[in-house]
Protein chains: 2
Amino acid sequence: MDLYFAPLACSMATRIAFYEAGVAANFIQVDQRAKRAADGMDFYTLNPMGQVPVLRTDDGDLLTENPAILLYVADRHPGSGLAPAAGIERYRLLQWLNFITSELHKVVFVPLLEQASPEGAKTYAKDKAGRRLTVLDEHLVDRDYLLDGFTIGDAYLITVLNWARVTRVVDAGQYPHIAAYIERCLARPAVARAIDEEMALYKEEVARQRAA
Amino acid sequence: MDLYFAPLACSMATRIAFYEAGVAANFIQVDQRAKRAADGMDFYTLNPMGQVPVLRTDDGDLLTENPAILLYVADRHPGSGLAPAAGIERYRLLQWLNFITSELHKVVFVPLLEQASPEGAKTYAKDKAGRRLTVLDEHLVDRDYLLDGFTIGDAYLITVLNWARVTRVVDAGQYPHIAAYIERCLARPAVARAIDEEMALYKEEVARQRAA
């Protein structure tokens, strides 16, 4: 499988999933400013939204949208435990994936991370953050992960919470259970490896952009 | 199953799914201002986010987040054709559900529909609308529905596009394939019935609020 990614973007969740499952994949970096992939592809031809991640399956199908890709990868590797196959826990996972993609990723973090977003959009995002982070913090009071074990929901959540270091929206004193959760996830070898590798790629990208 | 809903909110997608599947369900209206349900429940005890929809399954489990609920209902009624059971089309459906929930519902429509959102947030949402609606319009050039037949993806999409009448963000001249899609969906008896019923409930709610 080919994963089109950008360093430290939400596509990192799928890298974490591959590492957690112990599965090889082909990672193709996308220059998000030029909208061009390292394999020479115009990125808009792969995803008209111009967003990472894009997954090319072994059958040659292209998939977009993080939760869909994460579920595809998890379901291909049922022994990984990355997604319950059926039952109410499957829908509970879908529920958390949707909470992360809509309420955290899009409502809170995108307006705060985008330099071009107007001040009113950033204020609006900060106003929305409180309830969302409180709901998450309270869920994590007596749980190590979103469900019983580490799943793709956690792969996505730690990827999004990693941005909190930039946006400073998650105060460890205010959200102690989220802070403990972040440390718990960072202690996993697959998560630590993914972040280390993508941080190095991110720094290289920033250096290239400055030199250009 | 019990569906906690608010008139014309995104919970209408699940009402459409029930009607399309020809399945009975118990609809419980939520006063979103008072955060109280018609059965007397404090709505925050059902969903700490305070958002509709909430589904109570026949096993008594509570589910939140629209795509998770829609998939649960569709999977309980496999004969309805509302969701492919497996294969790449299953993930294609997940992809569209995520596009609708994140890019359309949360990024574009919520800031435009919320009266309290700052001007900068509304401008930001309008700026984001163009690419998203163009991607959707081009997808619908040669398709009647998001996938081969009507699915829960369409139930969600027509619910969101129904808000375009208020926000005036979808110009029929600019997006002719979306405009044709809306008419195609509205011509389905299940969709028309859901909108008619919820429009009547919405008007009653507005009248109650004005009288109070």
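This is a short tour of a predicted model, with stops to select one after another in your viewer.

**Stop 1: the two domains of chain A**

Begin with chain A and colour residues 2-80 and 88-189 separately: the domain assignment gives these ranges as domain 1 and domain 2.

Now look at where the domains touch. Here 15 residues of domain 1 of chain A are in contact with 16 residues of domain 2 of chain A. The two domains bury about 1,200 Å² between them, and carbon and sulfur atoms give 67% of that area.

What holds charged groups together across this boundary? There are two salt bridges between domain 1 and domain 2 of chain A. To see a salt bridge in chain A, select R188(A) and E20(A), whose side chains meet with N and O 2.8 Å apart. Four residue pairs are also in polar contact across the interface of the two domains.

Next, show the elements on the domain 1 side. Both α1 (12-21) and α3 (66-76) of chain A give two or more residues to the side that touches domain 2. Which of the elements gives the most? That is α3(A), with six residues. Colour this side of domain 1 by residue type and you will find eleven nonpolar residues, two polar and two charged.

**Stop 2: where chain A meets chain B**

Bring chain B into view. In this interface, 41 residues of chain A are in contact with 41 residues of chain B. Together the chains bury about 3,500 Å², with 60% of it on carbon and sulfur atoms. Select M49(A), Y91(A) and Y124(A): in chain A these lose the most area to chain B, together 20% of what that side buries.

How many salt bridges lie between chain A and chain B? The count is four. For a close look, select E103(A) and K106(B), which form a salt bridge with their closest N and O atoms 2.7 Å apart. The interface also has 22 residue pairs in polar contact.

To see which parts of chain A face its partner, show β5 (62-64), α3, α4 (88-113) and α5 (119-139), each of which supplies at least two residues to the side of chain A that touches chain B. The largest share of that side comes from α4(A), with 14 residues. By type, the side of chain A that touches chain B divides into 20 nonpolar, ten polar and eleven charged residues.

**Stop 3: the sheets**

Switch to a cartoon view and return to chain A. Look for an open sheet of five strands, in the order β3-β2-β1-β4-β5, with mixed pairing. The edge strands are β3 (36-37) and β5 of chain A, each pairing on one side only. Follow β2 (residues 26-31) of chain A to β3(A): these strands run antiparallel and are joined by two bridges. Within that pair, D31(A) stands opposite R36(A).

Chain B also has an open sheet of five strands in the order β3-β2-β1-β4-β5, again with mixed pairing. Here, select β1 (residues 2-5) and β2 (residues 26-31) of chain B, which pair in the parallel sense over four bridges. F5(B) stands opposite Q29(B) in β2(B).

**Stop 4**

The salt bridges over all chains come to 22. One of them to select is the pair E198(A) and R15(A), with closest N and O atoms 2.5 Å apart. It links distant parts of the chain: E198(A) is in helix α9 (residues 189-211) of chain A and R15(A) is in helix α1 of chain A, 183 residues apart.

**Stop 5: backbone details**

Zoom in on V52(A) and P53(A), which are joined by a cis peptide bond with omega about -5°. You will find P53(A) in the loop between α2 (43-46) and β4 (54-56) of chain A. In chain B, the peptide bond from V52(B) to P53(B) is cis too, with omega near -5°, and P53(B) is in the loop between α2 (43-46) and β4 (54-56) of chain B.

Finish at L8(A), in the loop between β1 (2-5) and α1 of chain A. L8(A) is not a glycine, yet its phi is positive, at about 70°.

How values were computed. Residues are numbered from 1 along each chain as its sequence is written. Chains are lettered from A and ligands numbered from 1 in the order in which they are written. This is a predicted model: local features need pLDDT of at least 70, side-chain atom pairs count only at pLDDT 80 or more; totals for chains, interfaces and linings use all residues. Side-chain values use heavy atoms; hydrogens and water are left out. Domain bounds come from an automatic or database domain assignment. Contact means heavy atoms within 4.5 Å. Buried area is the accessible area (1.4 Å probe) that two parts lose on being put together, summed over both. A polar contact is a pair of N or O atoms within 3.5 Å; within protein, one must be able to donate a hydrogen and the other to accept it, and residues adjacent in sequence count only if both atoms are side-chain atoms. Ala, Val, Leu, Ile, Met, Phe, Trp, Tyr, Cys and Pro count as nonpolar, Asp, Glu, Lys and Arg as charged, and the others, Gly among them, as polar. Two strands pair if DSSP finds at least two bridges between them.
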